[in-house]
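I opened this notebook to record, entry by entry, what I looked up in a structure that was new to me. The sequence and the model come before the entries.

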Amino acid sequence: MLSHWLTLEPYVHAACKQGQILLYNPLNGQWRIYILSEGTAFHLLGRLLAPENMRVLEITGSEYASPACQRVISELRGSFMGDCIPAAASQGKPVQLPPRPYIDADIRRAPQPLENCRQNLRELVLYLHSGCRLSCSGCQAAYRQFTCCTKLPNSAVLSLDRLGGLLAELSSYPLERLHLLGGNLLEYPEWDKLPKVLANRPWQVIMYFHPEHICLDPAKLASLAGLKPEVRLVVFETDSSERLAAAVMLLKQLHLSWKVQWVVASREQAQIAQQAGARLGFCPQLLPFYDGSNIPFFQECVFLGQEDITGSRPQPKTIYANMLLNQLAFGRLTILPDGQVYSSLHAPSLGRLGVDGLHVFIERELKNGRSWLTTRASVAPCQDCVWAALCPPITEYEHVLGRHNLCRVNHQASVEMAGASV
Ligand code: SF4
Ligand code: SF4
């Protein structure tokens, strides 16, 4: 019987780990997992994916005739992921060029000009001070899970002088967003001068307030009308509808754009937030909060299932990016009021503002950092999972919960991670 060429389309994402082979077609979202126990089918695809075969495998006439091979061919054709042609139909082995992602200007291989380093900064999260008279229950922990105001143990303040110097330096960076946070931002000692210092900047300014901050100081909020920042209202409690309604009304009167970030630690709190939003005419962004005891809530509402991963239909650009870097973290720095600079609040400081320039922090993160270039393929247990390149990037929650597999796909024992704490 005649031999054939079994081929896999170049756009198909394939992963082979721990006795499983995943094939995923980003064009139509179809996928198939073959497991070691499927014998011939698994080994056939394993040979097809071997680097030396470049996704084109010659199969003998008897292999071609086997039911397992016929099943594979039919599944590849049915999902538009591959084909099988008689060997005689081509002169020699058909050429296939499977794409592989590659960072051309990689600072870890060769020093890069300063300009290349600067290009990477997109987002800055800046804590100006941490004074606040409120006492939200998650204050000390939430800012390590998502962007949120906090009262830090020290009373450091980032002076307006230092802020002015930072903003001047930023003029040579392609920054897109500047997040400003306190404490209570309206109690920043040099608040009166802040709108002027921030005026006429090319980036989007996003400011975070508790509704009560705004209700207590509406005149200070009004001084932002010319600056037109986006306001994020951080809501922790479930009984703050009145203050929230008043804060929303003030923001509407000032014609400021705003969003409500509602921190929820249970399904009940999520329902209360949604009901309050419906009553007040907005759709809150729900931010799951790990309080140290609500793992069941996270398992139910935050952990990913296979259907969530495939349902998001990751495209080749996303898949290749996931193979090289963390898209959530890349290009983002956080600066605390004492001037310490971080790529993640769960990683060591990259240095101190005023001692080194921003490009030095970026260079340190790109060369030795633990955040921007940390992919699922480099952490356990994701490194052994066929979904690693399709799965969303590593989040701060994973550091807080002390495990990377916040999913219902891979339940291997969680891996102890340094600094795991609420
Ligand atoms: S408003 Fe923000 S800074 Fe103030 S207590 Fe609440 S979380 Fe902390
Ligand atoms: S979180 Fe990790 S273990 Fe879970 S599906 Fe994603 S890559 Fe796999």
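**Entry 1: conventions.** I noted that the model is predicted, that local features need pLDDT of at least 70 and side-chain atom pairs pLDDT 80 or more, and that totals for chains, interfaces and linings use all residues. Residues are numbered from 1 along each chain as its sequence is written, while chains are lettered from A and ligands numbered from 1 in the order in which they are written.

**Entry 2: the three-stranded sheet.** I looked up an open sheet with the order β2-β3-β4 and antiparallel pairing. Because β2 (13-17) and β4 stand at its edges with a single partner strand each, one side of each has no neighbour in the sheet. From one strand to the next, the twist averages 10°. I took strands as DSSP runs of E with at least two residues, and helices as runs of H or I with at least four, numbered from the N terminus. Two strands pair if DSSP finds at least two bridges between them.

I then went through the bridges. Five of them hold β2 and β3 in antiparallel pairing; among the partners are Ala15 with Leu22 and His13 with Tyr24. The hairpin of these two strands has two residues between them, and Gln18 takes a positive phi near 45° there. Five bridges also join β3 to β4, again antiparallel, and Leu22 has Ile33 as its bridge partner in β4. The hairpin of β3 and β4 has six residues between the strands, with a positive phi of about 80° at Gly29 in the turn.

**Entry 3: helix α1.** Which residues of α1 (residues 40-49) are buried? I found Ala41, Leu44, Leu45 and Leu48. A residue is buried if 20 or more other C-beta atoms, placed from the backbone, lie within 10 Å of its own.

The buried residues of α1 pack against β1 (4-8), β3 (20-24), β4 (31-35), β5 (56-59) and α3 (67-78). Contact here requires C-beta atoms, placed from the backbone, within 7 Å. The helix α1 lies across β2, β3 and β4, at about 110° to β4. For such angles, axes are lines fitted to C-alpha atoms, for helices over the stretch in contact, and values run from 0 to 180 degrees between N-to-C directions.

**Entry 4: the nine-stranded sheet.** I recorded a second open sheet, ordered β12-β11-β10-β9-β8-β7-β13-β14-β15, with mixed pairing. Its edges are β12 (285-288) and β15 (351-352), each with a single partner strand, so one side of each lacks a neighbour in the sheet. Strand β8 (residues 177-181) has four of its five residues buried. Five bridges pair it in parallel with β7 (residues 123-127), and four join β8 in parallel to β9 (residues 204-209).

**Entry 5: the ligands.** I counted a residue as near a ligand if its C-beta atom, placed from the backbone, lies within 6 Å of it. The residues surrounding ligand 1 include Cys132, Cys136, Cys139, Cys149 and His210. Those around ligand 2 include Cys382, Cys385, Cys391, His404 and Cys407.

Note on methods: A residue is buried if 20 or more other C-beta atoms lie within 10 Å of its own, exposed if 12 or fewer, and partly exposed in between; C-beta atoms are placed from the backbone. Two residues are in contact if their C-beta atoms, placed from the backbone, lie within 7 Å.
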